[in-house]
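Have the sequence and the model at hand as you read.

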Amino acid sequence: MSFNDFFFRFWQDITGWVLLVYILVTISTFCWVLHSKRETMSAIAWSLTVLLFPLFGAFLFFVFGSQSIARPLTRRQLQKSAYKKISGELDGRPSADVPPRWDRLAKLGHHGEGFPVTGGNSLNLYHDGRHAFDAMLEAIHSAKHHVHMQFFIFRSDTSGERFIDALCDCTRRGVEVRFLYDSVGSYSLSRRLLRKLAEAGGRSASFLPVLNPLYRFRINLRNHRKILVVDGRVGFTGGFNIGDEYLGLSRKFGPWRDTFLRVEGEGVHGLQRVFLEDWHFATEEAVHGERYMPKFETVPGKALVQVVHSGPDSLYKSIRETYFAGILNARKRVWIASPYFIPDGGLKDAMMLAAWSGVDVRLLCLFRPDKWLPFLAARFYWTDVLEAGVKVYQYTPGMMHTKLVLVDGEWASIGTANMDNRSLYLNFEVNYQLFDQPAIAELEEHYLMDLESSVQIDPQVFSERPLVAKLAENASRLLSPIL
């Protein structure tokens, strides 16, 4: 019997079974959405996706959806607790004294599984890729005991070759090298570079490999952190990944505007701990000991800093809470830079309340988007914040990738987290809270320079944009819980 004959003979039975499967899958997925999604908007968005796209919507939720009950996150929580018991570093340490006004921010950063504020650190800021890359390579070449490197995106171009060569030189000198990369962000990373590092004696690992069925092909939960720690004494983090585009060499992106931070002192220990927990999860190697958390005989500087990290494996979203509290604590100004701006209701309300109360609230975003859906969704939220008096700017020279919140010249949060739902709820991220006025003054100076190269959105002109644009923004907004 041919397929056509079989189909025409049994088409009613086939249709009935397909309908039954559709109903069962849709109902079970719909219940799964309601059970796993705490945020109302997220639950609505996923429910509509499941209902409007038969079967395909259920598949999308399976791949991109429920992060709170995912098997890899359950395993990560268990391994994090196990590693914490094994290592024991930083447990129970009190925070260094911060100005009373910012004590609440320090407590929020330390809450749960957070790290204390540490004093006596030296800070260096980098505002372009060349200086940041040179500083990282210099630190790698000076390593004596270990180099720990972790990036969301690692390209197999000239920049990637330089860093792999530097790591190989370290291993030949007897330095321990551990390199962690995200399996989605670094999907194009050449196996040749990884083999080169392995042959030299270095170790590498992929975070949540997409094709591993044990992780349910988890595409949505990504490690967006950028970390370099050398000898437990010097640490780097910020917005830069490793690739030629971050040096401004890409025709698509043009000049790349970003911010990176170098910390020397005990403030590096929290960054080290974040890396080692991620490494333990990816490899099951529990690295700990005094060589990785060294004591400083002399104080490198005077800065007060605090590592704040968050991820989908924790109900407490520490970076989101510090952003929220920092904005509400403002008296004079709140200056925000984020290429992707898709805030939850609380963050948007905090910005609007600050603007209504007379605080100078500014938001610096992209002019030429690299991703259209987040860009269009962001424009939907511009409408409300503009009406509240927030000044919105678009950076015109090239790609604006800085993730930064500045408050009153006294407090700053800088790191890898954008002000969007993906960074604050779905991704693994890491920031530094700064309580250091000289560093914050430098960040404010460069922020004002960026505004000089930006166009300010006129609220009246923006409100008169075409209806088609408004519809596209509104449609993109529906996907904001997963963008």
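In which sense do S13 and strand S19 (residues 454–456) pair, and over how many bridges? The two strands pair in the antiparallel sense, over three bridges, where pairing requires at least two DSSP bridges between the strands. Across this pairing, Tyr 393 faces Gln 456 of S19.

A word on the basis: this is a predicted model, in which local features need pLDDT of at least 70 and side-chain atom pairs count only at pLDDT 80 or more, while totals for chains, interfaces and linings use all residues. Residues are numbered from 1 along each chain as its sequence is written, and side-chain values use heavy atoms, with hydrogens and water left out.

The chain holds 16 helices and 19 strands; these are DSSP runs (H or I of at least four residues for helices, E of at least two for strands), numbered from the N terminus. Of its 483 residues, 58% are buried, meaning under 20% relative accessible area with a 1.4 Å probe, protein chains only.

Back to S13 (residues 391–395): four of its five residues are buried, so the strand is largely enclosed by the rest of the structure. S13 also pairs with S12 (residues 360–366), and Lys 391 in S13 is the bridge partner of Arg 362.

The two pairings can be set out like this:

| Strands | Sense | Bridges |
|---|---|---|
| S12 and S13 | parallel | five bridges |
| S13 and S19 | antiparallel | three bridges |

Note on methods: Buried means under 20% relative accessible area, exposed over 50%, partly exposed in between (1.4 Å probe, protein chains only).
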